[in-house]
Amino acid sequence: MPLIPCQRPLFEIPDDVAYLNCGYMSPLLRSVRAAGEAGVARKSSPWRLAPADFFTGSERARALFAGLIGARADDVAIVPAASYGVAVAAANLPVRPGGRILVLAEQFPSNVYSWRELAAERGAELVAVSRPPDGDWTPALLAEIDERTAVAALPCCHWTDGSLVDLAAVGRRLREVGAALAVDATQSLGALPLDVREVDPDFLVAAAYKWLLGPYGLGFLYVAPRRQQGRPLEHNWIAREGSEDFARLVDYGEGFQPGARRFDVGERSSFALVPMAIAALEQIAAWTVPAIRDTLGAVTARIVEGAASLGLAAAPSRLRAPHYLGLRFPRGLPADLPGELAAAKVFVSVRGDALRVTPHLYNTEADVERLLAVLRKASGRLSD
């Protein structure tokens, strides 16, 4: 598949900034910012908003997200954050006393706290699977799954260094023992292909502000058809059957809108955030996720090559998401390195003991060279 040429002109990144930190928060595409500004302008003139406007944008966003993961629009709920989607999953998955809920060691906290609360409430056990010495999470997870397992709450890749989980293999094993799978795909969806028909999660959530290149404060929740009759976290007017008829909203009904819409957050029609998400998802669809994956994989491979010559270690490519990189120094991260990177306007993150480098299509070869120049200087100082 041909690699995508640098897309930096579509973003508003100054030439002197090397932003290799999409895993923290993506910059906005110019088109996404324009969509948000147009949405704010619409809200300034509410007399121009018709009842249908509360539905059309969110339905378009829902359909675009569904297309990204091989689902139907009916399978997708609109949520404000990954933690909201995780809370929906925790409220709707059966966990009995003595059951086990599996997470990864040092997993992102928004995909831990709800499960910790649920375990305490149900008399279950929250099990953090230790990072394996070889960095391969999948065998370690498979070894922990047995008849006591109720839920595995997992990412596609670890947020500190991009180390992968084979969700399809884990999902198959979970179904064999009658357990559920809840996925937080925030650090991968939009840059790493995922098909829910293969993985078959019970719930899958992704916040929009990272690899989906969208706004902060919006996300999407896939709900498997077998879970769509569950209990929403809140009861709002727009999730109810017949909510399109504003004149009859006080004819309170028991029914919900079809599919996963019952789990939609209140005020899901946000006239600024939803158009931004639509613009971002349309651009991702135009690029295609496999092409994004391959292009970013070429960038991280270049960084790995340069970092290896300095003695820095990264997970092997077969165990790491192509868009993600965690670099580790043999004697630990130099304390002054984050400041030196910031002074050079090279933006990455420190997560755990790794220097997390997460590029996107806006990065240039010059960005990579600036990162390696700072690392070269730090490594040379350590070897003196």
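This is a predicted model: local features need pLDDT of at least 70, side-chain atom pairs count only at pLDDT 80 or more; totals for chains, interfaces and linings use all residues.
Which backbone oxygen lies 3.2 Å from a polar atom of the side chain of Ser26?

Numbering starts from 1 along each chain as its sequence is written, and side-chain values use heavy atoms, with hydrogens and water left out.

Back to Ser26. The oxygen belongs to the backbone of Lys210. A polar contact here is a pair of N or O atoms within 3.5 Å; within protein, one must be able to donate a hydrogen and the other to accept it, and residues adjacent in sequence count only if both atoms are side-chain atoms. Ser26 is found in the loop between β1 and α1 (30–43). Its relative accessible area is 6%, so Ser26 is buried. Buried means under 20% relative accessible area, exposed over 50%, and partly exposed in between, with a 1.4 Å probe and protein chains only. Leaving out residues up to four places away in sequence, Ser26 touches Tyr209, Lys210, Leu213 and Gly214. Contact means heavy atoms within 4.5 Å.

Now the whole protein. It has 11 helices and 12 strands. These are DSSP runs, numbered from the N terminus: helices are H or I with at least four residues, strands are E with at least two. Of the 384 residues, 53% count as buried. The C-alpha trace spans about 75 × 55 × 35 Å along its principal axes. Take contacts with a separation of 6 or more: residues 24 or more positions apart account for 76% of them.

Next, the aromatics. How many aromatic pairs does a search of the whole structure find? The count is 12. Rings of Phe, Tyr and Trp (its six-membered ring) pair if their centres lie within 6.5 Å; planes under 30 degrees apart are stacked, over 60 edge-to-face, and the rest tilted.

Take Tyr19 and Phe347. Their ring centres are 6.4 Å apart and their planes are at 40°, so this pair is tilted. Tyr19 lies in strand β1 (residues 18–19) and Phe347 in strand β10 (residues 346–347), so the pair ties together parts 328 residues apart in sequence. Tyr19 counts as buried because its relative accessibility is 16%. Phe347, at 31%, counts as partly exposed.

Then Phe54 and Trp237. This pair is edge-to-face, with 6.0 Å centre to centre and 65° between the planes. Phe54 sits in helix α2 (residues 53–69), while Trp237 is in the loop between β8 (219–223) and α8 (273–287), 183 residues apart. Both are partly exposed: Phe54 has a relative accessible area of 22%, and Trp237 has 37%. Phe54 and Trp237 also belong to one aromatic cluster with Phe55, Phe246 and Phe271.

Last stop, helix α6. Which residues of helix α6 (residues 167–176) are buried? They are Leu167, Ala168, Ala169, Val170, Gly171 and Leu174. Their cover includes α5 (137–144), β5 (149–155), β6 (180–184) and α7 (196–199). After α6 comes Gly178, with a positive phi near 75°.

That is the tour.
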